[in-house]
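Me: I have a chain to go through. Can we talk it over, starting with the overall layout?

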Amino acid sequence: MSISLEGVNKHFGQFQALKDISLDIPDGQLTGLLGPSGSGKTTLLRIIAGLESAEHGRILFHGKDVTRLHVRERRVGFVFQHYALFRHMTVAQNIAFGLEVLPRAQRPPAAEIRRQVADLLEMVQLGHLSSRYPAQLSGGQKQRIALARALAMKPEILLLDEPFGALDAKVRKDLRRWLRALHDELHFTSVFVTHDQEEALELSDRVVVMSAGKIEQVGGPQALYAEPESRFVFDFLGHVNVLGGSLEQQRLSQGDAWVQMPEGVDCAGEMQLYLRPHEVRLQNCPALHAHLPLRIESISLIGAEVRLELTPCGWDAQEPWEVGISHVEFNRWQPQRGDRCYAVPDVGHLFGIEQTRPRTLNWVED
Ligand code: ATP
């Protein structure tokens, strides 16, 4: 079931929480709504659900206008951050609840409800806990039961609001993987809200980045990360190293730092070069195209890469630089805190001061 939003606006009093949102959410995909706190993600989700009304604009499910349809008639499943299970009911009763309160004509026979509940419990891999009460479950187990309860109603659309927000990092990671696998098996259309960049990029087929009630960019995780269309998306999706300076005769310089632009860059003036940590190499001497002296401030060895935090020598940056190197390279080079080294960009993104879209630069020959 595809979802389309056309020109949706929402005010709370004087405050405009959503500004002319138009968005197509394709059938069968897992779409992440990502943005900082207060950017309007939950409001948008609640408008899709019918829990909140839009002032202008339309909401279409599979081409059908549902703007005026009540939440009950939209056939949407929800999972919220706080599990909202019924405390006085067992796991099985919680999952069966939605089916049991259906009007008699629509309600499946009791044996059929029992069979469906057993299937759902199997699917969320918690068959052995059917007679427990919510208080006897872990946070991750409660969240899986909440999902089974939502799926019991066979929704064509599933909406999840920070579903893993209250869980610790390890459980979050496991549940993410599990939700992705479940989604691939069942192919419902899901929209989930998160403010966690890693979660959005790892879990979603498409990510909608929001800021201050507007959509900044929509795209697949890889495209968003590699080709951000604005400074906001650039800054929001992970660390960025910035050299701000003046570009003249194809050289961007500030203090002791300079970078020679690749062929074909003919603009001039105040510019900023944005570099992701993996787009930069470190070495003991400057390269022909870049002189970016840095001092190693800290070294973090935990993880797949060694992360170095560096500060500029003889030039300024608002934030420290971060560069990742492989453990093999780290062991060969053996850098120490306080050492001086030079950053060498392979790929970069150039913003004019007034410019919102960057120009991608590549110093590596094909
Ligand atoms: P978070 O990640 O913190 O949950 P969000 O991106 O989901 O944030 P929303 O909950 O959609 O943001 O809120 C968007 C803005 O609208 C916020 O500034 C919020 O204070 C405001 N807002 C939301 N609901 C209401 C309400 N019922 N009354 C007044 N203002 C509201």
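**Chain overview**

Me: How many helices and strands does the chain have?
Reply: The chain has 9 helices and 22 strands, taken as DSSP runs numbered from the N terminus (helices H or I, at least four residues; strands E, at least two). This is a predicted model, where local features need pLDDT of at least 70, side-chain atom pairs count only at pLDDT 80 or more, and totals for chains, interfaces and linings use all residues. Residues are numbered from 1 along each chain as its sequence is written, and side-chain values use heavy atoms, with hydrogens and water left out.

Me: What does the C-alpha trace span along its principal axes?
Reply: About 80 × 50 × 40 Å.

Me: And what share of the residues is buried?
Reply: Of 366 residues, 48% count as buried, meaning under 20% relative accessible area with a 1.4 Å probe, protein chains only (exposed is over 50%, partly exposed in between).

Me: Switching to Ser211. Where is it, and is it buried or exposed?
Reply: Ser211 belongs to strand S9, residues 206-211. Ser211 is buried, at a relative accessible area of 12%.

Me: Which residues does Ser211 contact, leaving aside neighbours within four places in sequence?
Reply: Ser39, Glu216 and Phe232, where contact means heavy atoms within 4.5 Å.

Me: Now rings. Which charges sit over one?
Reply: The charged end of Arg149 sits over the ring of Phe86, 5.2 Å from its centre. Arg251 lies over the face of Trp258, 3.7 Å from the ring centre. The rule asks for NZ of Lys or CZ of Arg within 6 Å of the ring centre and within 35 degrees of the ring normal.
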